[in-house]
Amino acid sequence: MKINWNYIKISVLLALVIFLYAFATDRNSARNISNPQVEFIGESSSYITNENVSKLLIVNLKGVKKIPKETLDLNGLENALKSHPMVKKAEVYVTVNGTLKAKIEQKTPIARVSTNASYYIDSDGFYMPLSSNFSARVPLVTGYVEKNNLKSIYTVANKIKEDEFLKKHVIEIHQGNNRVLYLKLRQCHFLVQLGNVKNLDKKINNLKAFYQKNLKEKTLDTYSKVNLQFDNQVVCTKI
């Protein structure tokens with residue numbers, strides 16, 4: 001009987017590959033997790049630090065510095081990071097060599113409330129606490145402000161963030177007890193009365209036209225109030 005050595009070689013090679021794969025998989029699943037590495041994505045400044053994130057991960061690992069990969073709850077760690085009030089998105093994963101990594105996208109503040117409470121409004125219109133690590137240069141929000149009712153203020157703050165003229169000139173958003181909205185401009189004595197956010201784009205265009213005209217005529221300092229609530233006109237009060 002003739003022995004088929006090619007068949008035997010292929011069988012042995014296949015068995016060896018299966019053994020090595022099973023061995024590597026077993027070793028990889030049992031590999032201990034090292035201290036976490038944190039990567040920040042996006043353009044936000046450091047409102048939360050690398051150390052803050054690492055500590056939060058370690059706390060949720062119950063203080064154990066090294067644990068088997070197979071016992072790691074990645075979804076639980078991601079949810080723990082997402083629950084932080086300065087974190088917008090979080091992704092947690094483990095590399096082949098057992099390094100625990102976290103990708104963090106921080107919230108972006110667009111306005112800072114300064115009333116009896118101090119906090120940011122983020123780019124999605126929600127509450128964001130102040131940071132001891134970094135202070136954002138964004139418009140102040142004063143007056144009558146409710147944390148659970150930020151819709152109108154957010155609309156104005158977001159408009160300021162997206163408009164170069166407003167970003168350059170607006171330093172404060174004020175909301176009165178009657179929810180009438182006002183703007184204060186840099187190096188201007190007058191108060192801009194927006195009213196509500198209805199027809200906001202038209203109101204802002206009227207403000208720009210008024211500003212440029214009076215800047216050219218050097219008469220900006222002669223007004224105490226600029227009212228944009230009326231259609232197709234700007235009503236001004238002189239000093």
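Before we zoom in, a quick definition: a residue is buried when its relative accessible area is under 20%, exposed when that area is over 50%, and partly exposed in between. Keep in mind, too, that this is a predicted model.

**View 1. Three strands line up in an open sheet.** Read across the sheet and you get the order β1-β3-β2, with mixed pairing. The edge strands, β1 (37-41) and β2 (87-94), each pair on one side only. Neighbouring strands here are turned by 20° against each other on average, if you ignore direction.

**View 2. β2 and β3 run in the antiparallel sense.** Seven bridges join β2 to β3, which covers residues 100-106.

**View 3. Helix α3 lies across β2 and β3.** Here you're looking at residues 74-82, running at about 155° to β2.

**View 4. R179 and E146 form a salt bridge.** It's one of seven salt bridges in the structure, and the closest N and O atoms of this pair are 2.4 Å apart. The two residues come from distant parts of the chain, 33 residues apart. R179 sits in the loop between β8 (170-175) and β9 (181-185), while E146 sits in the loop between β7 (140-143) and α4 (151-162). R179 counts as partly exposed because its relative accessibility is 33%. E146 gets that label as well, at 26%.

**View 5. K159 and D201 tie two helices together.** K159 belongs to helix α4 and D201 to helix α6 (residues 200-217), so their pairing links parts that are 42 residues apart in sequence. Their side chains meet in a salt bridge at 2.8 Å, N to O. Is K159 buried or partly exposed? With a relative accessible area of 21%, K159 is partly exposed, because buried would mean under 20%. D201 counts as partly exposed at 47% relative accessibility.

View 6. K213 is partly exposed, with a relative accessible area of 49%, and E217 is partly exposed at 45%. Neither value is over 50%, so neither residue gets called exposed.

Methods: Residues are numbered from 1 along each chain as its sequence is written. This is a predicted model: local features need pLDDT of at least 70, side-chain atom pairs count only at pLDDT 80 or more; totals for chains, interfaces and linings use all residues. Side-chain values use heavy atoms; hydrogens and water are left out. Two strands pair if DSSP finds at least two bridges between them. Helices (H or I, at least four residues) and strands (E, at least two) are DSSP runs, numbered from the N terminus. Axes are lines fitted to C-alpha atoms, for helices over the stretch in contact, and angles run from 0 to 180 degrees between N-to-C directions. Contact means heavy atoms within 4.5 Å. A salt bridge is a side-chain nitrogen of Lys or Arg within 4 Å of a carboxyl oxygen of Asp or Glu. Buried means under 20% relative accessible area, exposed over 50%, partly exposed in between (1.4 Å probe, protein chains only).
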